[in-house]
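This report goes through a protein model for a reader who has not seen it before.

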Amino acid sequence: MARIVFFTGAGVSAESGIPTFRGKGGLWEKFKVEELATPEGFFRNPKKVWEWYDMRRQAVAKAQPNDAHRLMARLEEECGDVWVITQNVDGLHQRAGSKNVIELHGNIWRVRCLDCGAVYYEYTTPLPEYPPKCKECGGMLRPDVVWFGEPLPMDALERAWDLSRTADIFVVVGTSGLVYPAAQLPYVAKENDAYVVEINPEETPISSIADEVLREKATVGMREIYPRLRERCGE
Ligand code: OAD
């Protein structure tokens, strides 16, 4: 039975109405990464960072998973050994029904207390105040996501590395492949003889090592490749 691993980025949620980071209309065109997605930016102005995250939380709350998320979840249900490694923090893979999800960059619905270290899911949006306070101790909360300059959660990274090494088919969907260490994973898969597929309307650094490239949006590419993946994982 073939192990299928999806590696996803912001592009998989684009058709759900969630903006990507880079490219035309991307978040980093309008907003400054160093102000909003670094620890230094947060400690300089936690209110501003929280306002931005809460705006994104509201957009995610209104969004629905699309067919790309759904087909990945369906494949997992049908085949079992199917995994999603995601750089996204929106939780749309889980809402589509995927259970085997590795989140490399955290989750936008999770908060972490800077005083007592409590970590919990907080789904209220808009939040009552910026920055919000810890329900346990009243301390200042931060979003439990990975910012630039911060390490990735070790357990998630190890699991992702392992899955990439052992994948038979590695499908890269909607990532620019520019942010490391996550962007290393397709290379790890390739070096270990996985069949690497890229689904992305634009060329990326990953295109050149892919065995197959679908220059399509995520939903179109996933609809196209799903029957073949279904066949392979049933072997
Ligand atoms: P990017 O915004 O860098 O890249 C999005 C990719 O999705 C681009 O290659 C687009 O061509 C592609 N794309 C756009 N629409 C698409 C669609 N409908 N279907 C398929 N692909 C589409 O997003 P990421 O690669 O996820 O990190 O960015 C990586 C990390 O950089 C993010 O996790 C975030 C960001 O800053 C942190 O915040 C730490």
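A disulfide is counted here when two cysteine sulfur atoms lie within 2.5 Å. The model is predicted, so local features need pLDDT of at least 70 and side-chain atom pairs count only at pLDDT 80 or more, while totals for chains, interfaces and linings use all residues. Residues are numbered from 1 along each chain as its sequence is written, and side-chain values use heavy atoms, with hydrogens and water left out.

**Cysteines**

A search of the whole structure gives one disulfide. It is formed by C79 and C233, whose sulfur atoms are 1.8 Å apart. C79 belongs to helix α6 (residues 67-79) and C233 to helix α10 (residues 218-233), so the bond ties together parts that are 154 residues apart in sequence. Helices (H or I, at least four residues) and strands (E, at least two) are DSSP runs, numbered from the N terminus. Both C79 and C233 are buried; buried means under 20% relative accessible area, exposed over 50%, and partly exposed in between, with a 1.4 Å probe and protein chains only.

What is the nearest cysteine sulfur to C113, which is in no disulfide? It is that of C137, 3.6 Å away, and this is too far for a bond. The table gives the accessibility of these two cysteines.

| Residue | Relative accessible area | Class |
|---|---|---|
| C113 | 3% | buried |
| C137 | 41% | partly exposed |

**The chain as a whole**

The protein chain has 10 helices and nine strands. Its radius of gyration is 18 Å, close to the 18 Å that the globule rule gives for 235 residues, so the chain is as compact as a globular protein of that length. The radius is taken over C-alpha atoms, and the rule is 2.2 Å times the number of residues to the power 0.38. Along the principal axes, the C-alpha trace spans about 55 × 35 × 30 Å. Of the 235 residues, 53% count as buried. Among contacts (heavy atoms within 4.5 Å) with a separation of 6 or more, 64% are between residues 24 or more positions apart.

**I18**

Where is I18 placed? I18 sits in the loop between α1 (11-14) and α2 (27-30). I18 is buried, with a relative accessible area of 15%. Apart from neighbours within four places in sequence, I18 is in contact with S13, V60, A63, D90 and L92. The C-alpha atoms of I18 and Q64 are separated by 9.7 Å, although the two residues are 46 apart along the chain.
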